[in-house]
Amino acid sequence: YDVALASNALGAQYGCEFAKKCPNLKLLLHVSTAFVAGTQEGLLLEKALTMGEALRPGCHLDIEAELQLVEKVKAELAEAKSGGSDQSSEKTAMKELGLKRACHFGWPNVYTFTKAMGEMLLEQQRGDLPVVIIRPTMVTSTYHDPFPGWIEGARTIDALIVAYNEQAFPCFVGDLKDTMDAVPADMVVNATLAAMAVHWNEKGQVIYHVSSAIRNPLTGQVFEDACWDYFSIHPRVLENGKPLENRRPYLFKRFAYFRAYLILMYKLPLEMLHAVSLLLCGLFSQYYNKHNRRYTFLMLLVKLYAPYAFFKGCFDDTNLTRLRKEVKMDGKDGSLFNFDPKSIDWHSYLLNVHVPAVLMYGRKNKGSV
């Protein structure tokens with residue numbers, strides 16, 4: 001929580017303070033995330049966040065109080081550590097505190113919570129600075145530039161591809177009819193460059209949702225079909241040389257049902273096996289550890305992805321549509337800086353570009369999953 005506050009919240013504030021000291025500044029561009037909207041439903045507009053306005057009704061967000069809370073908890077942890085206490089490490093404690101505070105104010109995770117704070121601080125302190133805020137949705141590998149499939153690490157829906165590759169989840173949460181709002185990384189960059197060119201030396205603030213759901217929605221069905229098709233064409237082989245069966249995960253439309261099923265079918269049998277293993281001097285410990293790790297990974301994956309799996313909001317892209325038209329009206333070659341999601345064939349892109357990219361490049365940095 002302390003690191004996220006320093007980078008995502010205070011980072012925006014410090015950037016703004018520095019920009020005010022630049023006499024020839026033409027534009028301050030801030031990259032945020034569309035999910036500063038949290039888990040709100042309906043049409044989500046490209047508008048600024050109001051300082052202190054939490055997503056949870058009846059709550060007021062005081063950023064200064066959050067910073068003081070972090071310092072207080074860190075001081076207590078340092079004191080406990082010097083006293084020989086066996087409390088959790090500071091890093092773990094900060095993660096737990098951040099998630100608790102994010103949920104308290106209505107955000108699903110620390111990242112979106114602190115990015116929202118960053119926008120609030122920027123809005124409060126920008127004054128007359130010309131500001132553009134870019135809010136991308138879930139960013140995937142590049143569609144075209146610098147080459148199709150450039151990616152660093154596996155995040156958001158990429159974690160599902162990694163798990164699918166390892167057949168690590170027999171079931172999951174979500175609805176194949178729902179939309180997954182994703183956009184290739186180079187389209188985010190292209191939209192950013194176009195916004196900089198158009199708003200250079202203008203006054204005021206403009207916000208852009210770089211999204212795809214309105215113009216070219218990616219459904220869970222298309223995503224699942226693309227993964228199935230890829231692994232049918234490229235079957236995985238186990239260490240013993242036998243092919244790994246390609247199975248579609250069963251989807252639960254309610255998280256409570258999913259959790260109950262997983263506990264009954266996997267967690268309880270695993271704990272029974274663990275007890276027997278202890279009685280037999282760890283005879284099954286290796287088997288237990290392997291499958292318990294898979295269970296823990298699946299629960300973590302669901303915990304991270306659930307807010308997006310059940311996301312019922314839709315990001316308005318009126319400003320982005322206007323920007324696309326303005327770039328073309330200026331006589332510029334829009335094909336060089338394409339950020340129109342309508343040009344994407346999602347099944348082909350996932351099958352031929354994104355899924356292999358995640359497996360080739362993304363898995364090298366599995367710690368970011």
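This is a short chat about the predicted model shown above.

Visitor: What am I looking at, and what are the ground rules?
Guide: This is a predicted model: local features need pLDDT of at least 70, side-chain atom pairs count only at pLDDT 80 or more, and totals for chains, interfaces and linings use all residues. Residues are numbered from 1 along each chain as its sequence is written, and side-chain values use heavy atoms, with hydrogens and water left out.

Visitor: How many helices and strands does the chain have?
Guide: The chain has 11 helices and nine strands. Both are DSSP runs, numbered from the N terminus: helices are H or I with at least four residues, strands are E with at least two.

Visitor: What is the radius of gyration of the chain?
Guide: The chain has 23 Å. A compact globule of 369 residues would be near 21 Å, so the value agrees. The radius is taken over C-alpha atoms, and the globule rule is 2.2 Å times the number of residues to the power 0.38. Along the principal axes, the C-alpha atoms fill a box of roughly 75 × 60 × 35 Å.

Visitor: What share of the chain is buried?
Guide: Buried residues make up 46% of the 369. Buried means under 20% relative accessible area, exposed over 50%, and partly exposed in between (1.4 Å probe, protein chains only).

Visitor: Which residues have the most contacts inside the largest nonpolar core?
Guide: Phe172, Tyr208, Phe223, Phe258 and Leu323, in a core of 68 residues. A nonpolar core is a set of buried Ala, Val, Leu, Ile, Met, Phe, Trp, Tyr and Cys residues joined through side-chain atoms within 4.5 Å. There is also a second, separate core of 23 residues, including Leu5 and Met117.

Visitor: Back to Tyr208. What does tyrosine 208 touch?
Guide: Leaving out residues up to four places away in sequence, its contacts include Glu46, Arg135, His199 and Leu323. Contact means heavy atoms within 4.5 Å.

Visitor: New topic. How many aromatic pairs are there?
Guide: The count comes to 15. Rings of Phe, Tyr and Trp (its six-membered ring) pair if their centres lie within 6.5 Å; planes under 30 degrees apart count as stacked, over 60 as edge-to-face and the rest as tilted.

Visitor: Show me one. What kind of pair do tyrosine 143 and tyrosine 349 form?
Guide: A tilted one, 5.9 Å centre to centre with 55 degrees between the planes. Tyrosine 143 sits in the loop between strand S4 (138–140) and helix H5 (157–165), and tyrosine 349 in helix H11 (residues 346–360), so the pair ties together parts 206 residues apart in sequence.

Visitor: Are those two buried or exposed?
Guide: Tyrosine 143 is partly exposed at 27% relative accessibility. Tyrosine 349 is buried at 3%.

Visitor: And which residues form one aromatic cluster?
Guide: Tyr250, Phe252, Phe258, Tyr261 and Tyr266. Within it, tyrosine 250 and phenylalanine 252 pair edge-to-face, at 5.0 Å and 80 degrees. Tyrosine 250 is exposed at 56%, while phenylalanine 252 is buried at 13%.

Visitor: Where is the cis peptide bond?
Guide: It joins aspartate 145 and proline 146, with omega about 0 degrees. Proline 146 lies in the loop between S4 and H5. Most peptide bonds are trans.

Visitor: What about asparagine 201: where is it found?
Guide: In the loop between helix H6 (185–199) and strand S7 (205–210). Phi of asparagine 201 is near 70 degrees, a positive value in a residue other than glycine. Asparagine 201 is partly exposed, at 44%.
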